[in-house]
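Keep the model open beside you as you read.

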Amino acid sequence: MTDMPRYLRECLHTGKLACLAMLVSGGIVLQILACALYNNWWPMLTVIMYVILPMPLMFFAGSDTSSLYSESGSGWLNATKFLTGASTVGSIAIPIILKHAGVIGWGAMALELSSFFVFILSILCYLGMNEEDGYSML
């Protein structure tokens with residue numbers, strides 16, 4: 001990437017941001033469609049988990065996401081990993097529990113789970129884009 005002109009590199013980074021924005025928008029659309037198509041707004045409970053999901057990372061890990069991939073003995077970092085994992089499992093479990101209870105149908109559950117996987121894909125793309133040193137302050 002160093003042999004490319006600066007304007008071309010900036011254009012590629014802008015395209016990555018646009019792709020990331022489309023992924024997040026697609027996840028939100030799937031979330032709303034899961035509720036609106038079946039006239040049942042119970043699947044919006046997963047939005048609570050989507051809000052809770054990044055909180056442990058913001059409070060305990062800070063901006064150093066590389067420490068999440070290591071095996072450290074820090075108690076706060078282990079608590080962060082546990083709470084993030086619990087929120088992730090909750091995001092998957094809520095639609096499945098609602099389907100099992102007969103509150104939502106198969107279509108709403110499928111749209112909810114596909115929305116979750118689109119959000120996870122956008123998070124992974126963001127982390128990959130952040131590691132390429134295009135937008136980091138370091």
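The notes below go from the inside of the model to its surface.

## About the model

This is a predicted model, in which local features need pLDDT of at least 70 and side-chain atom pairs count only at pLDDT 80 or more, while totals for chains, interfaces and linings use all residues. Residues are numbered from 1 along each chain as its sequence is written, and side-chain values use heavy atoms, with hydrogens and water left out.

## The nonpolar core

Let's begin inside. Five residues form the largest nonpolar core: Leu98, Ile104, Ala108, Met109 and Leu113. (Such a core is a set of buried Ala, Val, Leu, Ile, Met, Phe, Trp, Tyr and Cys residues joined through side-chain atoms within 4.5 Å; buried means under 20% relative accessible area, exposed over 50%, and partly exposed in between, with a 1.4 Å probe and protein chains only.) Helix H5 (residues 106-131) supplies the largest share of this core, three residues. Helices here are DSSP runs of H or I with at least four residues, numbered from the N terminus.

Leaving aside residues up to four places away in sequence, Leu113 touches Ile92 and Pro95, where contact means heavy atoms within 4.5 Å.

## One face of H2

Which residues of helix H2 (residues 45-52) are buried? They are Thr46, Met49 and Tyr50. Seen down the axis of H2, these buried residues fall within an arc of 105°, so they line one face of the helix. The arc is taken from the directions from the helix axis to the C-beta atoms.

## Trp76

On helix H4 you will find Trp76, which is exposed, with a relative accessible area of 57%.

Definitions and conventions:
Helices (H or I, at least four residues) and strands (E, at least two) are DSSP runs, numbered from the N terminus.
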